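This report is meant for a reader who has not seen the structure before. Please look it over first.

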Amino acid sequence: MRASPITATVDFEAEGVQHGFLKLPHSHDASAWGAVMTPITVVKRGEGPTALLTGANHGDEYEGPIALFDLASRLTAEEVSGRVIIVPAMNAPAFRAARRTSPIDGGNMNRVFPGRPDGGVTEKIADYFQRSLLPMADLVLDIHAGGKTLEFVPFAAAHQLTDTDQQEKAMAAVAAFGAPYSLLLLELDSTGMYDTAAEDLGKVFVSTELGGGGSATARTAGIAKRGVANVLKHAGILGGHPEAAASCRLDMPDGDCYVTSETAGLIEYCVDLGDTVRAGDRLARIHDVERTGGTSIDYRAKRDGIFIGRHFPGLIALGDPVGVIGVPV
Ligand code: CA
């Protein structure tokens, strides 16, 4: 396969702290010989594991960039045993445009892996992660939130994997993160995800959903910052022990955890995030907005559990998720 067009202005083998960019040539109307510049920090001291930390895989999710721009500005080499690679805005064009996907090519970073060195901008960045950054990593933490169209209770998550040893290591890192909820996540379609790419390479991979709505709160930003430090301590890259936090452990046994809208309209939630629900409980009503006098349609929980995720805007479309249920273990 051809070489990546991306070059790093940092040396991944050098000791100390380096701030730089991943530079991808990109010729466009505003800059004929321009480049997409993705900020990156590498902090290395001696031998030890490598952690790869990413935010803004989706550009409208802010806890990751907040925690990682902050960490990148503070972390010193003296604190580190091994290496920390920090990319606060993985899909930098999307992040700068406050969009989920790239304004350049519409690319959804978490659906284009393993990427292509000769594809669009988003695929080229994914390919660089796939072939250059992921192979260096022992532990990968990708910080997501709900973005403009979803909202979640704050959770860290690992995936159900066929390799149980790998799954246990990932769940240990999830527990170390110390979010209010720890989830063993079921993906409805994991094709093209960064998560899957990292897991297929045998990496310990931790994801999160730390809020949503296209902004961050003091609470969720704090959870992200503490979680990043905890995971680095858990990996032995930072000294000390993860700060203990009570975390509710959840599973997603099957697709009944998801309730999908089969109508469009005005959504009235009847439960809030974090509420305990029983199978058959009404999660939401969707009102017809085209005319008065119509009937609203009820959406009900298909299993007992905790209401952990919901649609965010007030209007909902056909096919949008109404709710996500997690089942306490
Ligand atoms: Ca996301």
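## Basis

This is a predicted model, in which local features need pLDDT of at least 70 and side-chain atom pairs count only at pLDDT 80 or more, while totals for chains, interfaces and linings use all residues. Residues are numbered from 1 along each chain as its sequence is written, and side-chain values use heavy atoms, with hydrogens and water left out.

Helices (H or I, at least four residues) and strands (E, at least two) are DSSP runs numbered from the N terminus.

Glu61 sits in the loop between strand 4 (50-55) and helix 1 (63-74), and His144 in strand 6 (residues 139-144), so the pair ties together parts 83 residues apart in sequence.

Buried means under 20% relative accessible area, exposed over 50%, and partly exposed in between (1.4 Å probe, protein chains only). Glu61 counts as buried because its relative accessibility is 2%; His144, at 4%, also counts as buried.

## Helix 4

Helix 4 (residues 164-177) has 14 residues and spans 20 Å from first to last C-alpha, close to the 20 Å expected at 1.5 Å a residue. The expected span is 1.5 Å times one less than the number of residues. Its buried residues include Gln166, Met171 and Phe177.

At the N-terminal end, Asp163 caps helix 4, with a side-chain oxygen 3.0 Å from the backbone nitrogen of Asp165. After helix 4 comes Gly178, whose phi is positive, near 75°.

An open sheet is formed by 4 strands in the order 16-15-13-18, with antiparallel pairing. Two strands pair if DSSP finds at least two bridges between them.

Strand 13 (residues 265-269) is joined to strand 15 (residues 282-287) by 4 bridges. Glu268 stands opposite Arg285 in strand 15.

## Aromatic rings

The structure holds 7 aromatic pairs. Rings of Phe, Tyr and Trp (its six-membered ring) pair if their centres lie within 6.5 Å; planes under 30 degrees apart count as stacked, over 60 as edge-to-face and the rest as tilted. Phe113 and Tyr194 form a tilted pair, 5.1 Å centre to centre with 40° between the planes.

Phe113 is buried at 8% relative accessible area, and Tyr194 is buried at 0%. One aromatic cluster is made up of Phe113, Phe129, Tyr194 and Phe205.

How values were computed. A polar contact is a pair of N or O atoms within 3.5 Å; within protein, one must be able to donate a hydrogen and the other to accept it, and residues adjacent in sequence count only if both atoms are side-chain atoms.
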